[in-house]
Amino acid sequence: MTNFYALLIVLLSVGLILSVTDLFVVTISVLLLIFAGLVFGVFLNGLSNWLIKYIPLPYIAAYLIIVAILVLLLASGFSFLGTQIAARTNELWSQLQSVVAQLQSWLEQLPWAEQYLPSGSELQSTLTKSSSMIAPGIASWLSLLGWGLTGLLVILFVGLYAAYDPELYRSGLLKLLPKEKKSVANRVLIEIHSNLGRWIVGRIASMAIVGILTGIGLWILGVPLPFTLGVVAAFLTFIPNIGPLLAAVPQILLALNVGGSTALYVLLLNIIMQGIESYLITPIIQRQQVSMPPILLISAQVLMGVAFGIIGIMMAAPLVVVILTLVQILYIEKILGDTDSNV
C-alpha cells in the first residue's frame, strides 16, 4: 500500500506540474494516441491468434498475412469508393446548384422571407469578404489535417509494432516490477488484453449492425451506393457521436440526386440510427461483452469528449475497460478480498 500511495502522489504531482505549464491536455492526448495504438495492436494480435487456430502457422507468418489482407481490403475499399464518388461528382454538383436555385426561388416567393434575403450588392460584399478569409481557413484545415494524419500514423505504427512482438513489451514491463508483484501484474496484463479483445469484438458487432441497417435503409429510400455508404457508416461508427454525423454527409449529398424529400428522409434515418447506436446497441453489447455499465460508458464518452476531443471520445470505452479491470483485480480482489465480485 505504501508503494501505491507513493505512486499516486507522484502521478498527481506530475499532473499538477503539467496543468500549471498548460501541457496537461497535450500530454494526455499523446498518451491517448499511444493507447489507441495499443488497442489496435490487440486487434491485430487477436486476428493473428484466431488465424493460428485454423491454420498451423508461426505467429509472425499469421501476423503478416493478417496485415496484408487488411491493407488489400482498405486499398480496394478506398479505390472503389473514390471511383464511385469521382464518377458522380459532376452530377452531384449540378444537383446541388439546382437545389440551391430552387430554394432561393421558393424563399423569394415568401413575403416574410424577403427581408432576410441579401440583395445583390450585399451578396457581392459578403462574397468579397469571404474570399479574403479563404486562405486562413485553408491553412487552418491543412494544419488540422496534418495533425490528424500524424495521429493516424502514430496509432498505426504503435499497433503494428505492439502486435508484431507483444511478448517483448510484456516481459519488459514485468522486469520493472519487484518479484513479488510480477504474478499479479502478469495477470492484470492478461486480463486487460482479454477484456480489450472482447470489447473489440463487441464494437465490431455494433458497427456491423449499424452498417447493415444503414445500407438497408438507404436501399429502401433509393439512395445511390446504399451498401457502400453502409460500409462507410460502419467504419465511422467507431467514433462515437461524431462518426455517424460524418457518415451522414455523403449519404445526404447522394440523396439530393434523388430528391429533396429523400435527403430529409436520409437525415431522419441518421438521427434515428445515431440514437439507437449510441444509447441502445453499443451499451447493451458492451454490457454483455465486458460487463460495462451503460451509464458509465455514456458518461465516460461525454467527459472524455469535452476534455480531449475526438481522441477522447474514441478511447473512452477501452479506457473504461482497463480501469474496470484494474479496480476488479487490484482493489476489489487484492484489497477488499472479494474474489466472487465481478465489476
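**Core, patch and salt bridges**

I began with M315, which, leaving aside its neighbours within four places in sequence, is in contact (heavy atoms within 4.5 Å) with L32, F35, A36, V39 and F238. I note that this is a predicted model, in which local features need pLDDT of at least 70 and side-chain atom pairs count only at pLDDT 80 or more, while totals for chains, interfaces and linings use all residues. Residues are numbered from 1 along each chain as its sequence is written, and side-chain values use heavy atoms, with hydrogens and water left out.

I then looked up the largest nonpolar core, which has 28 residues, those with the most contacts inside it being W199, M292 and M315. Such a core is a set of buried Ala, Val, Leu, Ile, Met, Phe, Trp, Tyr and Cys residues joined through side-chain atoms within 4.5 Å; buried means under 20% relative accessible area, exposed over 50%, and partly exposed in between, with a 1.4 Å probe and protein chains only. Helices α2 (24-54), α9 (179-221) and α13 (294-333) each supply at least two residues of this core, and α13 gives the most, with 14 residues. Helices here are DSSP runs (H or I, at least four residues), numbered from the N terminus. I also found a second, separate core of 12 residues, which includes V210, A263, V266 and L269.

Helix α2 gives the most to the patch, with 5 residues.

Last, I went through the salt bridges (a side-chain nitrogen of Lys or Arg within 4 Å of a carboxyl oxygen of Asp or Glu), and the count comes to 3. E167 and R170 meet at 2.4 Å, N to O, and both lie in helix α8 (residues 166-175), 3 residues apart. E333 pairs with R187, the closest N and O atoms being 2.6 Å apart; this pair links α13 with α9, 146 residues apart. E277 and R203 meet at 3.3 Å, N to O; E277 lies in helix α12 (residues 260-290) and R203 in helix α9, so the pair ties together parts that are 74 residues apart in sequence. Both E277 and R203 are buried.
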